[in-house]
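Here is a brisk tour of one protein model. Look at the sequence and structure first, then read on.

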Amino acid sequence: MKKLVVLAASILLYTLAQAQEGSDSGTSAGITIVPRIDFNPIFYGGNDKEVTLGNSSLYSLFEGNITENLSFSVCNHWLSDEPKYLYQNTGRADDVNWCDWAYLEYNPGNFIITAGKQVITFGGFELEEYDFDVHLDMMTGLFNNFQCYQWGGKVGWMNDSETTGLFLQATSSPYGEKPFDAMAYSFQYQGYYGPFSMLYSTNFIEDWDGEYQWMFTLGNQLELDSWTLQLDVSNKVGDPMFILRDGITAFTTAKFNPSDKWEFVGRCGYEKATTDMYDLLPGLSDVYPKFDNWTFGAAAHCFPLRNSQNLRLHAAAAYNTFTKMTSLTLGAMYYIHIPRNN
């Protein structure tokens, strides 16, 4: 039912945007369709190996302005390497499904009000990446295991120069099976000061026991000509079974864009859980040993089309010391833009 509601809302918004074309200079809408195909061989310690489809997927991004101050954004995840789970999880809050987000945003002056399914305001600059752009084996456990797309609302304020922003948010928690079975409350400070940017977040996330997990994240970014340097630090580790564990996550990223045709990305990060699994699951310490992990990754992105970055060819490699996993990825992605402007 929720799937039909989101689709109907998307069609209505698109119809409204088209109906106002030519009569309202603040109205526009556009759809971007993003197919991605990956070939991803993975090698483990010893002779174990497997071949997966990596981050192969099909997304659509539908967004625009209804009025000068009212905008919308809908992101749908139509296919993945295991697409049945996207649809089986419809209506769940504890796992991903076919609708990443669908929200309205009202922007009267310096204030911003957002309502609908949206990204929990946590994390640093890693979370600013679109899911379809990244190489999952290079990402943190927080990115891969924390279900950040939740229903709720957010209010924020930006100063006139748009260098400082403060945001408060209340959403459902990824610990709940259904939306609003549990709650999450977030505060974020955003700072954009010349080449240096900050995303500092504090979150209180209700867990299965009705208690609140406290998480903070410090995201820092420095832009120097063709280089972008990032450092994200958090007091939590993402875990596939427990969602969050106490510990430390620290990842640094370097991006180099020598031209419009090439982008090179390097990542190095450390994740260590301070909670032992035998404290959480007695008898399973051998299955879940103490988590202490380094991740190293590098990627090259090529945009071969003239005067366009719509087609991306990519190659990536990552190594994980905890699982002793080496991941190689070759693939392609294409951005199909369907604009509708006044």
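Is Asp246 buried, partly exposed or exposed? Asp246 is partly exposed, because its relative accessible area is 36%. Keep in mind that this model is predicted.

**Salt bridges**

Side chains of opposite charge can pair when their charged atoms come close. The structure holds 7 salt bridges. Three of them are listed here, including the one made by Asp246.

| Pair | N to O distance |
|---|---|
| Asp246 and Lys236 | 2.4 Å |
| Arg92 and Asp94 | 2.8 Å |
| Arg92 and Glu177 | 3.5 Å |

Asp246 sits in strand β13 and Lys236 in strand β12, so their pair ties together parts 10 residues apart in sequence. Lys236 is buried, with a relative accessible area of 2%.

Arg92, Asp94 and Glu177 are linked in a network. Arg92 lies in the loop between α2 and β5, and Glu177 in the loop between β8 and β9, so this pair ties together parts 85 residues apart in sequence. Arg92 is partly exposed at 25%. Asp94 is partly exposed at 30%, and Glu177 is partly exposed at 41%.

**A nonpolar patch**

Eight names make up a nonpolar surface patch: Tyr106, Phe111, Ile113, Val155, Trp157, Leu166, Leu168 and Phe187. Together they have about 710 Å² of accessible area. β6, β7 and β8 each give two or more residues to the patch. Tyr106 lies in strand β5 and is partly exposed at 38%.

**The second largest pocket**

This pocket holds about 960 Å³ of space. Its lining has 35 residues, and Tyr103, Glu105, Glu128, Lys154 and Gln190 lie nearest its centre. β6 gives the largest share of the lining, 4 residues. The lining divides into 15 nonpolar, 12 polar and 8 charged residues.

Notes. Residues are numbered from 1 along each chain as its sequence is written. This is a predicted model: local features need pLDDT of at least 70, side-chain atom pairs count only at pLDDT 80 or more; totals for chains, interfaces and linings use all residues. Side-chain values use heavy atoms; hydrogens and water are left out. On a 1 Å grid over the protein atoms alone, a cavity is a set of points where a 1.4 Å probe fits but cannot get out, and a pocket is an open set with protein on both sides within 12 Å along at least five of seven lines; lining residues have an atom within 4 Å of a point. Grid points are joined across faces, edges and corners, and a volume is the space filled by probe spheres set on the points. Ala, Val, Leu, Ile, Met, Phe, Trp, Tyr, Cys and Pro count as nonpolar, Asp, Glu, Lys and Arg as charged, and the others, Gly among them, as polar. Patches are made of residues with over 30% relative accessible area and no salt bridge: like charges are joined within 9 Å, nonpolar side chains (Val, Leu, Ile, Met, Phe, Trp, Tyr) within 5 Å. Accessible areas come from the Shrake-Rupley method with a 1.4 Å probe; for residues, only the protein chains shown count as cover. A salt bridge is a side-chain nitrogen of Lys or Arg within 4 Å of a carboxyl oxygen of Asp or Glu. Buried means under 20% relative accessible area, exposed over 50%, partly exposed in between (1.4 Å probe, protein chains only).
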